[in-house]
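This briefing concerns a protein model and the way in which its chains meet. The sequence and the structure are shown first.

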Amino acid sequence: MPAPLLELRGLAVSAGETLLFEGLSAVARAGGVLAIQGPSGCGKTTLLRAIAGLIDVTAGEVLLEGRTPGAWGWPTYRSQVSLMLQRPVLYPGPVRNALRRPFSYRATTAVYDEGAAVALLDRLGLAPEVLDQETSTLSEGQQQRVSFARSLLLEPRALLLDEPASALDAAAAAQLETVLRERVEQHGLAVVIVSHDPAQSARLGAEIIDLAALAQPIAGAQA
Amino acid sequence: MTALNGSVAPLSPFDLVTATGLVVAAGLVSLGLRLGLEKRLAIAAVRTVVQLLLVGYILRFVFDLNHPAPVVAIMLVMTFIAGHAAVQRVTRRFPGMLVYAFITLVLSGLITTFVVTGLIIRVTPWRPQYAIPLLGMILGNGLTGISISLDLALESFAERRNEIEMELALGATRWEAAQRPLRESVRRGMIPIINSMTVVGIVSLPGMMTGQILSNTDPLTAVKYQIVVMFMLAAATSLACMLSTMIVFSRCFNARHQLRQGFITRKG
């Protein structure tokens with residue numbers, strides 16, 4: 001069994017002053033998938049944001065190969081543990097520029113490869129012409145796929161996904177899942193995914209984390 | 001009454017009474033057209049007289065003291081009032097904003113003023129005849145600049161949180177993630193002064209130049225002063241916009257390259 005890549009140790013996460021859950025411990029190995037489940041409002045998205053370090057955890061720590069994000073340097077850590085937001089955000093301008101932009105960050109080690117981008121978009125059901133299209137003219141489903149492609153092209157070691165197929169029809173969702181499974185099984189990508197679809201989690205061979213079991217009474221009562 | 005340069009046709013109290021006739025004319029327009037502005041006009045006219053006389057006496061008093069301390073004190077009060085006015089125009093707030101606006105104007109305003117008085121006009125830097133009016137002009141422009149910059153920077157960080165966090169989530173440093181909105185804030189803050197440099201002398205004669213010409217200064221001397229003033233305003237305003245934007249940046253992000261939550265609030 002591969003060594004732990006991403007480790008969550010006794011995490012407690014809050015939204016503002018409200019403690020959402022505590023005592024979350026889990027390990028994602030290279031090629032492993034963690035699926036976060038729980039009723040809406042229990043803090044699934046907030047958990048992903050906390051793992052990505054966009055917000056602080058209330059207690060506990062997140063480790064990448066045994067080192068804290070602070071030890072890695074936050075931007076370097078985030079380029080390795082990449083969060084894809086549920087509502088994709090793409091910079092105004094052509095899709096090509098939106099895809100390329102993060103490659104200019106100091107922390108990014110991957111190099112933009114247009115051929116790889118075209119091949120990946122094709123597998124997600126998007127024609128090469130989409131590269132020249134304005135991001136503002138894309139449908140939400142197209143934006144979601146472009147955003148997913150961008151995350152993969154950056155070659156992170158762990159990917160945090162928040163309902164990555166929420167705006168996709170069944171066919172496009174299946175294409176996305178195939179690509180994701182391939183990255184997990186063949187390239188050892190570790191994944192933490194929030195998904196409403198237990199069948200999808202099962203197909204990805206995911207270990208299920210039920211946040212409801214860890215939830216604070218007040219957060220559970222809202223559901 | 002002493003003039004700085006040349007001689008001025010002195011105004012007697014009687015001349016001022018005649019000038020009052022001009023305001024009364026404006027009042028008659030209001031009455032004739034039933035604009036209902038007579039009362040406000042009267043109050044405004046009285047305020048004009050009282051405020052300007054007060055400033056006149058204070059300035060004369062300070063000029064006669066011939067000591068840097070009261071000059072610097074007045075300059076600091078002016079700067080504080082300008083900082084307060086700038087913050088009033090901004091629709092969002094963050095903790096310590098007034099203090100930061102004040103610091104920004106002190107750094108950009110006082111430094112530029114003393115550079116101009118000390119190095120260009122070559123008088124004692126705090127000589128009030130120069131320092132106070134120059135600072136006044138700098139603050140007037142600087143407060144417009146920083147209120148625009150602050151407004152836009154805070155709006156970007158509050159409203160475009162998703163965009164910024166997307167970049168952070170992909171490995172951007174706080175600087176990489178904030179660069180675009182920050183640039184735009186500085187840019188927008190500098191546009192008014194650049195616009196006024198573009199049309200100066202064509203659309204408008206600047207107040208200072210008009211004043212100098214009225215006091216019998218050679219127009220070319222007045223023009224040279226005005227050129228110095230325009231460049232000084234450009235330097236001070238760009239410095240102020242840059243500083244205030246950088247302060248917003250450094251306060252809104254933390255060392256963990258996070259955009260702080262709940263840091264920016266709405267006014268009131």
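The model is predicted, and its local features are reported under confidence limits. Chain A and chain B bury about 2,200 Å² between them, and three salt bridges are counted between the two chains. Over all chains, the count of salt bridges comes to 18.

**Extent of the interface**

- Of the area of about 2,200 Å² that the two chains bury, 52% lies on carbon and sulfur atoms.
- Three residues, Leu54(A), Tyr91(A) and Tyr105(A), supply 30% of the area that chain A buries against chain B, more than any other three residues.

**Polar and charged pairs across the interface**

- The interface of chain A and chain B holds 10 residue pairs in polar contact, counted where both residues have pLDDT 80 or more.
- A salt bridge joins Arg49(A) to Glu165(B), with 2.6 Å between the closest N and O atoms.

**Glu165(B) and its partner within chain B**

- Glu165(B) also forms a salt bridge with Arg161(B), where the closest N and O atoms are 3.5 Å apart.
- Arg161(B) and Glu165(B) both belong to helix H6 (residues 161–169) of chain B; because they are four residues apart in that helix, about one helical turn separates them.
- Is Glu165(B) buried or exposed? Its relative accessibility is 2%, so Glu165(B) counts as buried.

**Build of chain B**

- Chain B contains nine helices and two strands, which follow one another along the sequence in the pattern α-α-α-β-α-α-α-α-α-α-β.
- Taken along the principal axes, the C-alpha atoms of chain B fill a box of roughly 70 × 55 × 35 Å.
- Chain B has 268 residues, and buried residues make up 36% of them.
- Among the contacts in chain B with a separation of 6 or more, 71% are between residues 24 or more positions apart.
- The accessible surface of chain B amounts to about 14,900 Å², and carbon and sulfur atoms account for 68% of this surface.

**Further salt bridges within the chains**

- In chain B, the side chains of Arg160(B) and Glu163(B) meet in a salt bridge with an N to O distance of 3.3 Å.
- Arg160(B) is partly exposed, at 30% relative accessibility, whereas Glu163(B), at 18%, counts as buried.
- In chain A, a salt bridge links the side chains of Arg203(A) and Asp197(A), at 3.9 Å from N to O.
- Arg203(A) has a relative accessibility of 41% and is therefore classed as partly exposed; Asp197(A), at 32%, is also partly exposed.
- Glu7(A), Arg9(A) and Glu61(A) are joined in a network of salt bridges.

Methods. Residues numbered from 1 in each chain as written. Chains lettered and ligands numbered in written order. Heavy atoms only, no water. Buried area = accessible area lost by both parts, 1.4 Å probe. Salt bridge = Lys/Arg side-chain N within 4 Å of Asp/Glu carboxyl O. Polar contact = N/O pair within 3.5 Å; in protein donor to acceptor, adjacent residues only side chain to side chain. Buried < 20%, exposed > 50% of the residue type's maximum accessible area, 1.4 Å probe, protein only. Contact = heavy atoms within 4.5 Å. Areas by Shrake-Rupley, 256 points an atom, 1.4 Å probe, with all protein chains shown as cover.
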